[in-house]
Amino acid sequence: MKILYAASEAQPFAASGGLADVAGSLPKALVKEGHECAVVMPYYKNTISEQQQKKIKFLTSFNIPVGWRTQFCGVHTCTTPDGVVYYFLDNEYYFKRDFGIYGYYDDAERFAFFSRAVLEMLFRIDYKPDVINSNDWQCALVPVYYHIYYRYNNELRNIRNVFTIHNIAYQGQYGMNLLEEILSIPKHMANIVEYDGDVNFMKGAIEIADKVTTVSPTYAMEILDPWFAHGLDRILENKKYKTCGFLNGIDTDMYNPAANKDIAANFSLKSKAGKKTCKAAMLEEVGLVAAGTSESDEPVIGIITRLVEHKGMDLVKNAFDRIINLGFKVVILGSGHPVYEQFFDEMKFRYPDKVAFTKGFIPALAKKIYAGADMFLMPSKSEPCGLAQMISLRYGTIPIVRATGGLKDSIVDYGDSGGTGFTFQTYNSDDMFDAIERAYDAYRDKKAWNLLTSRAMKADFSWSVSAKLYIGLYEELVSWN
Ligand code: GLC
């Protein structure tokens, strides 16, 4: 089978969140399973490194309609060592921007252009996919444009469209005035994208794609509930028959304690001693233990996240003094809402030998925290999948999570058989603190903790299972032809 994976970001080229990890690793797994997989993404010339750009070669160019105008689109390509072909769609006006990859006044137009260009590209390159898997609101117009403009085209007929929701909170919601002028959607087809009086990109894809997937089975259920759905529960309830959830995998080469060069010492299930070295080195790097001091026995909690409310930061804020008083050190890496940035700055000032806070996202430091912390806290209000808890397990770092979305599907509570972490149910700081206390007690029992970290490191969250689920879904769609 030939699969085209359309995403607005993909590792290792451009990333703002978990979508990039998935777009960088699922295609690799599909190729490993014997299928052809190509990724198409915008050519962000200010984000993709110069070194990477040297390997990317120009292929072709054409013009495409955007509303009443015509815009240039260049296609550039490279093939990764894993055999995934990348297509980068170039238009400097839309994608060569200075301040990151999203957040501009014309994002609707930028990604409408991209989505149309994904389909137009197929007339000009030597790759005709059986299935296009589009991701999140930025690519949600791919199935919509396919339906409107290409499904009866001789060359492109019989392509099946899968749409994957990574986070329903971001839908691409705009005024109806964009419909014809910017989005090139004829008025008589407005019903595809219209929702609650607006144009809603994600609703369009849910309406029209052959299948809708999301990134964990629990999240697939949760988004039928208004508490999680940000308004889309009604359309999802309608389209339940074609919706399902597959748990994401992680890139086990990128996150490998036995081989990573970024961490102070390598370790594995068979020889875990290096983790202690990683803990001491990480604490020293973030300024918590003076050089030469031996590793302290205080448990360390790592937090790596965007500092926003739905990641549960209000619970952390609420229980912070109690966590420190219990005897923890806390190492935080992330940026986001000023309320939380200021809070963690203040905590660092209040507890200089217990709290380290690094603003921003530094991939190498993230690995050091995964490897060096004892526990990893993710008290999310909602979490479509979450990758950090799976990455932590791989480094023998025990997750403390709220049982929601993919966190619920990936972490078994310590109290249950085969437990790999500590979970709590209700969104409440007392319940979170209770899970943290249980983790503290378990940590004090060295033998039990050693067994727990071994179980964590044995957990398999590679793509081996989920890639097959995607393939099964694609095969079902192809069999319709
Ligand atoms: C989004 C979700 C996260 C998920 C990731 C990859 O970032 O918020 O939970 O793991 O997408 O699917």
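## Alanine 220

Alanine 220 counts as buried because its relative accessibility is 14%, where buried means under 20% relative accessible area with a 1.4 Å probe and protein chains only. Alanine 220 sits in helix H8, residues 217–222 (helices are DSSP runs of H or I with at least four residues, numbered from the N terminus).

Setting aside residues up to four places away in sequence, alanine 220 touches Thr214, Cys244 and Gly245 (contact means heavy atoms within 4.5 Å). The C-alpha atoms of alanine 220 and cysteine 244 are 5.9 Å apart, although 24 residues separate the two along the chain.

## About the model

This is a predicted model, in which local features need pLDDT of at least 70, side-chain atom pairs count only at pLDDT 80 or more, and totals for chains, interfaces and linings use all residues. Residues are numbered from 1 along each chain as its sequence is written, and side-chain values use heavy atoms, leaving out hydrogens and water.

## Nonpolar cores

The largest nonpolar core has 98 residues, and Met121, Leu183 and Ile185 touch the most other members. Such a core is a set of buried Ala, Val, Leu, Ile, Met, Phe, Trp, Tyr and Cys residues joined through side-chain atoms within 4.5 Å. Helix H4 (residues 107–121) gives the most to this core, with nine residues.

A second, separate core of 75 residues includes Met282, Ile303, Leu333 and Leu407.

## The cavity

Which residues line the largest cavity? They are Asp21, Ser25, Gly249, Ile250, Asp251, Tyr255, Leu387 and Ile391. A cavity is a set of points on a 1 Å grid over the protein atoms alone where a 1.4 Å probe fits but cannot get out, and lining residues have an atom within 4 Å of a point.

Terms used:
Helix = DSSP H or I, 4+ residues; strand = E, 2+ residues; numbered from the N terminus. Buried < 20%, exposed > 50% of the residue type's maximum accessible area, 1.4 Å probe, protein only. 1 Å grid on protein atoms, 1.4 Å probe; cavity = no way out; pocket = protein on both sides within 12 Å on 5 of 7 lines; lining within 4 Å.
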